[in-house]
Amino acid sequence: MFDAIGTAGTGLSVYQTWLDAISNNIANVNDITPTSGKAFQAQYVQAAPITGGAQGLGQGVQVSSLPRSSAQGIVTYDPTNPVADASGYVRRPDIDMGEQMGNMIMAQRAFQANATTIDRAKDVYEAAIAIGKGI
């Protein structure tokens, strides 16, 4: 039963990393660079099960990689922008704000579910200790 806190704790860690990546992507969604430069590259989180627990069973999840989107970005026409090239084009990151907001809601709810699991497991452990003490 003590594994519940550890397993949910690994979920908290992964979802916190996901929320951090989403926050960074949203903060940089309006970054503009010259067409000669690279666009901001959105960061994504890939998770994988932790292998090798008791009897070969996994004991949670971990961040397996943090891939980035293409540096190509989207070239848009904005001749009034100070970093526009001679033709009036700039490079913007290829970030879908709707997708980022949807991912943020999912990550936030999953984080909260893991936090609730830890809280409930703690309550069960405390009750078990109280029963053991005869309280």
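This short talk walks through one protein chain, from its overall layout to a handful of single residues.

Before anything else, please keep in mind that this is a predicted model, in which local features need a pLDDT of at least 70 and side-chain atom pairs count only at pLDDT 80 or more, while totals for chains, interfaces and linings use all residues. Residues are numbered from 1 along each chain as its sequence is written, and side-chain values use heavy atoms, with hydrogens and water left out.

Let me start with the chain as a whole. The protein chain holds 2 helices and 5 strands, where helices (H or I, at least four residues) and strands (E, at least two) are DSSP runs numbered from the N terminus. Following the sequence, the pattern reads α-β-β-β-β-β-α. The radius of gyration of the protein chain is 22 Å, well over the 14 Å that the globule rule gives for 135 residues, so the chain is more spread out than a compact globule; that radius is taken over C-alpha atoms, and the rule is 2.2 Å times the number of residues to the power 0.38. Along its principal axes, the C-alpha trace spans about 80 × 30 × 15 Å.

Of the 135 residues in the protein chain, 27% are buried, and by buried I mean under 20% relative accessible area, with exposed meaning over 50% and partly exposed in between (1.4 Å probe, protein chains only). The chain exposes about 8,400 Å², and carbon and sulfur atoms supply 57% of that area, which comes from the Shrake-Rupley method with a 1.4 Å probe, where for residues only the protein chains shown count as cover. If we take the contacts between residues at least 6 apart in sequence, 62% of them join residues at least 24 apart, a contact being heavy atoms within 4.5 Å.

Helix H1 has 25 residues and reaches 36 Å from its first C-alpha to its last, close to the 36 Å expected at 1.5 Å a residue, where the expected span is 1.5 Å times one less than the number of residues. Helix H2, residues 97-133, has 37 residues and reaches 54 Å between its first and last C-alpha, close to the 54 Å expected at 1.5 Å a residue.

What covers the buried residues of H1? The cover includes strand S2 (46-49), strand S3 (61-65) and H2. Among the residues buried in H1 are Leu12, Val14, Leu19 and Ile22. On the other helix, the buried residues of H2 pack against H1, and they include Asn103, Ala107, Ala110 and Tyr125.

Valine 14 lets us look at H1, residues 3-27, from within. This valine counts as buried because its relative accessibility is 7%. Setting aside neighbours within four places in sequence, valine 14 is in contact with Ala47, Val61, Gln62 and Val63. Valine 14 and phenylalanine 111 are 97 residues apart in sequence, and 8.5 Å apart in space from C-alpha to C-alpha.

Alanine 113 sits in helix H2 and, at 42% relative accessibility, counts as partly exposed. Between alanine 113 and leucine 12 there are 101 residues of separation in sequence and 8.9 Å in space, C-alpha to C-alpha.

Let me move to the loops, beginning with the one between S2 and S3, where glycine 60 is found. Is glycine 60 buried or exposed? At 16% relative accessibility, it counts as buried. Not counting residues up to four places away in sequence, glycine 60 touches Thr7, Thr10, Ala48, Pro49 and Ile50. The C-alpha atoms of glycine 60 and glycine 9 are separated by 8.1 Å, although the two are 51 residues apart along the chain.

The loop between strand S1 (33-34) and S2 holds glutamine 43, and lysine 38 is found in the loop between S1 and S2 as well. Glutamine 43 is buried, with a relative accessible area of 17%, whereas lysine 38 is exposed, with a relative accessible area of 64%. Leaving out residues up to four places away in sequence, glutamine 43 touches Ala21, Asn25, Leu66, Pro67 and Arg68. Lysine 38, with neighbours within four places left aside, is in contact with Thr33, Ala71 and Arg91. The C-alpha atoms of lysine 38 and asparagine 114, which are 76 residues apart along the chain, are separated by 37 Å.
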